[in-house]
Amino acid sequence: MTTNQKPLPSGFGARTTAREVLGDKRLDGAIAIVTGGYAGIGLETTRALQAAGATVVVPARTPDKARAALAGLERVELEHLELGEPASIDAFASRLLASGRPLHMLINNAGIMATPLRRDARGFESQFATNHLGHFQLTARLWPALRKANGARVVSLSSRGHWNSGVDFEDTHFERRPYDKWVAYGQSKTANILFALGLDARGEAHRVRAFSVHPGAIMTDLVRSMSEEEVRAAVESANKLAPMKTPEQGAATSVWCATSPQLDGMGGVYCEDVDIAQVAAANDETSRRGVKAWAVDPALADRLWARSEAWTGVRFTP
């Protein structure tokens, strides 16, 4: 079954926080992974889940920074992970699988934005490699633990930045076309949405459902590659579309997708402001509300899936 890409409505909204989404819901005994769960909206996601009783594994690229941010939080386990390094992904997943635990929630939250042109060791453009391919490989490696949960959810953090670009299958890694950091970012965020769509289609039979999320515009370390002038311009532009959110509000849609009974039996949809989003009108090029049609096309999701398996050398084994 496919879920209609239209609001429920949920009863929540843009100003809802992650704690408000959970309300009195308890997550005792549940295991969650939140990549980048030690800064910005990832940290607020970790805080909300652990406060409700979940055990949260936080894989971090900079463990010392993560240790300081997570100090004092109960049921939080810190691990090392570099999403741009395939061997690091495999090592982290192997440690998790060796514990024998199921994985109830995988929140693929970490990411980079608007970076100068960089390539990983395989020659892949860094934003696409980190934001999409790293999480693709991580999810594939963790697949046995997700299946073991007998009812898992995967949340893929995207952005309204996906409006900047679909996936260019002819030159994904900017080997021939001029590099544009915002086009590259948009392409990676479209890939995050298509990945959730593809994963949900493959996971539904195993009770693994997937969702993609636009958290809202929030001032976090994600802007670290941008100049002060670029940050000011980005904030001004964001505020014209919708008021900026706090990190607590930004984490709400991720937590809702990972835990809400309102989404039982659903999946494969793009969500924003703690609800399922509308598909943007074909002639709308300015509002940046909802999801572009190029990001919710099952044929494109399958095409990206096949390419991602080829690029990473990793195959899902349902």
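Predicted model: local features only at pLDDT ≥ 70, side-chain atom pairs only at ≥ 80, totals over all residues.
Visitor: How many salt bridges does the structure hold?

Guide: The general idea is that side chains of opposite charge can pair when their charged atoms come close. The term salt bridge is used here for a side-chain nitrogen of Lys or Arg within 4 Å of a carboxyl oxygen of Asp or Glu, and the structure holds 18 of them. Among them is the pair of E170 and R303, whose side chains meet at 3.3 Å, N to O. This pair links distant parts of the chain, since E170 lies in the loop between β5 (152-157) and α7 (181-203) while R303 lies in helix α11 (residues 298-312), 133 residues apart. Helices (H or I, at least four residues) and strands (E, at least two) are DSSP runs, numbered from the N terminus.

Visitor: Are E170 and R303 buried, partly exposed or exposed?

Guide: E170 counts as exposed because its relative accessibility is 58%, and R303 counts as partly exposed because its value is 37%.

Visitor: Which residue forms a salt bridge with R209?

Guide: The partner of R209 is E204, and the closest N and O atoms of the two are 3.8 Å apart. R209 is buried, with a relative accessible area of 10%, whereas E204, at 26%, is partly exposed.

Visitor: Which residues are linked in a network of salt bridges?

Guide: Such a network links K245, E272, D273 and R289.

Visitor: What does the side chain of E309 reach or meet?

Guide: E309 has its place in helix α11, and its side chain meets that of R315 in a salt bridge of 2.9 Å, N to O. The side chain of E309 also reaches the backbone nitrogen of F316 at 3.3 Å. Counting contact as heavy atoms within 4.5 Å, and leaving out residues up to four places away in sequence, E309 touches F136, V314, R315 and F316. With a relative accessible area of 12%, E309 is buried, whereas R315 is exposed at 62%.

Visitor: Turning to the backbone, which peptide bond is cis?

Guide: The peptide bond from L8 to P9 is cis, with omega near -5 degrees, and P9 has its place in the segment before α1 (18-22).

Visitor: What is the phi of R75, and where does F174 have its place?

Guide: R75 has a phi near 60 degrees, a positive value in a residue other than glycine; R75 lies in the loop between α3 (63-70) and β3 (76-80) and counts as partly exposed at 33% relative accessibility. F174, likewise not a glycine, has a positive phi of about 55 degrees and sits in the loop between β5 and α7. The relative accessible area of F174 is 4%, so this residue is buried.

How values were computed
Residues numbered from 1 in each chain as written. Heavy atoms only, no water. Buried < 20%, exposed > 50% of the residue type's maximum accessible area, 1.4 Å probe, protein only. Polar contact = N/O pair within 3.5 Å; in protein donor to acceptor, adjacent residues only side chain to side chain.
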